[in-house]
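Colleague: I would like to go through the labels attached to this model and hear, for each of them, which value and which cut-off stand behind it.

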Amino acid sequence: LAQARTEAVTVLVDTTDVMVRSGDEGDIIPSQVCPSIDVRRKGEISFSSTSHRLTFFVTVPALGMKTVFVGSSSDVEDDGGGRAQKCTITQLGDDRAELRWGNNEAEQYKTHDNPCIANPHLIACFSASTGLLASISSKSDEQTVELKEDFASYQSSKSGSYVFKPDSGPIPDSTDIHSVIFTGPIFSEVYSLIHQEIRRSAKLY
């Protein structure tokens, strides 16, 4: 590209004791590590025991390249505070089974206020009971837009490769929702499993 570009990069790692350094000067790059969702487990949200999501920002110069090094922070006597920060996990709904990430147990969301995630520009709030999007607010002009997020599916016995012919109208699927909130310095995310089949991620960097 003809201009510099900054993007969030996510890679899978096998340990949470990890850090990221620039390949140029060896400077520490702030990073965040969160659980990796095990999508093989049907009907529930569960975390992988062998991989974790490491996320950090990288700026690639115009018409250039950027090298970074990802390594174990346990091999460094003084990591300079550069160890990837573990995200905080909050589970919506107190009737859910215990959700663990290594030795850390997910917190239970105890209040009736809608939980929110934010970045320097926006605040997104979600229903405390379902985890579905409820409002988006702009920090610059303090305006809030109320929203209602729903999911629906169709049944069809006549559809083909190029034709969609549903047998009936949409069937609401916004029931039996399990949502988890990941909060950290790089991004915050609300991850939902809806009706045991639909997986939705809402994320702000």
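Colleague: What makes Glu142 count as exposed?

Modeller: Glu142 has a relative accessibility of 70%, and since exposed means over 50% relative accessible area, buried under 20% and partly exposed in between (1.4 Å probe, protein chains only), Glu142 counts as exposed. Glu142 is found in the loop between β14 (133-138) and β15, where strands are DSSP runs of E with at least two residues and helices are runs of H or I with at least four, both numbered from the N terminus. This is a predicted model, in which local features need pLDDT of at least 70 and side-chain atom pairs count only at pLDDT 80 or more, while totals for chains, interfaces and linings use all residues. Residues are numbered from 1 along each chain as its sequence is written, and side-chain values use heavy atoms, with hydrogens and water left out.

Colleague: What is noted about the phi of Glu142, and which other residue is described in that way?

Modeller: Phi of Glu142 is near 60 degrees, a positive value in a residue other than glycine, and phi of Leu63 is near 50 degrees, again positive in a non-glycine residue. Most residues other than glycine have a negative phi. Leu63 lies in the loop between β5 and β6, and its relative accessibility of 75% makes it exposed.

Colleague: Why is the contact between Arg83 and Asp17 called a salt bridge?

Modeller: A salt bridge is a side-chain nitrogen of Lys or Arg within 4 Å of a carboxyl oxygen of Asp or Glu, and the N to O distance for Arg83 and Asp17 is 3.8 Å, so the pair meets the rule. Arg83 lies in the loop between β6 (68-72) and β7 (85-86) and Asp17 in the loop between β1 (5-13) and β2 (18-22), so the pair ties together parts that are 66 residues apart in sequence. Arg83, at 41% relative accessible area, is partly exposed, and Asp17, at 29%, is partly exposed as well.

Colleague: How many salt bridges does this rule give, and which residue pairs with Glu149?

Modeller: The count comes to five salt bridges, including the one in which the side chains of Arg200 and Glu149 meet at 3.0 Å, N to O. That pair links distant parts of the chain, with Arg200 in strand β20 (residues 198-204) and Glu149 in the loop between β15 (144-146) and β16 (152-153), 51 residues apart. Arg200 has a relative accessible area of 9% and is therefore buried. Another of the five joins Lys148 and Asp150 at 3.8 Å, N to O; Lys148 is exposed at 70% relative accessibility, whereas Asp150 is partly exposed at 46%.

Colleague: What makes Thr55 count as buried, and which residues is Thr55 in contact with?

Modeller: The relative accessibility of Thr55 is 1%, so Thr55 counts as buried. Thr55 lies in strand β5 (residues 47-60), and, leaving aside neighbours within four places in sequence, its contacts (heavy atoms within 4.5 Å) include Ala8, Val9, Thr10, Ile186, Phe187 and Tyr205. The C-alpha atoms of Thr55 and Cys34, which are 21 residues apart in sequence, are 8.3 Å apart in space.

Colleague: Which residues make the nonpolar surface patch, and how do you know that Leu122 can belong to such a patch?

Modeller: Leu122, Ile136, Val145 and Leu147 make a patch of about 290 Å², with areas taken from the Shrake-Rupley method and a 1.4 Å probe, only the protein chains shown counting as cover for residues. Patches are made of residues with over 30% relative accessible area and no salt bridge, where like charges are joined within 9 Å and nonpolar side chains (Val, Leu, Ile, Met, Phe, Trp, Tyr) within 5 Å. Leu122, in strand β13 (residues 122-126), is partly exposed with a relative accessible area of 33%, so Leu122 passes the area cut-off.

Colleague: Where is Ile123 placed, and is Ile123 buried or partly exposed?

Modeller: Ile123 is in strand β13 and is partly exposed, with a relative accessible area of 29%. The C-alpha atoms of Ile123 and Ile136, 13 residues apart along the chain, are separated by 5.7 Å.

Colleague: How many helices and strands does the protein have, and what share of its residues count as buried?

Modeller: The protein has zero helices and 20 strands, and 35% of its 205 residues count as buried.
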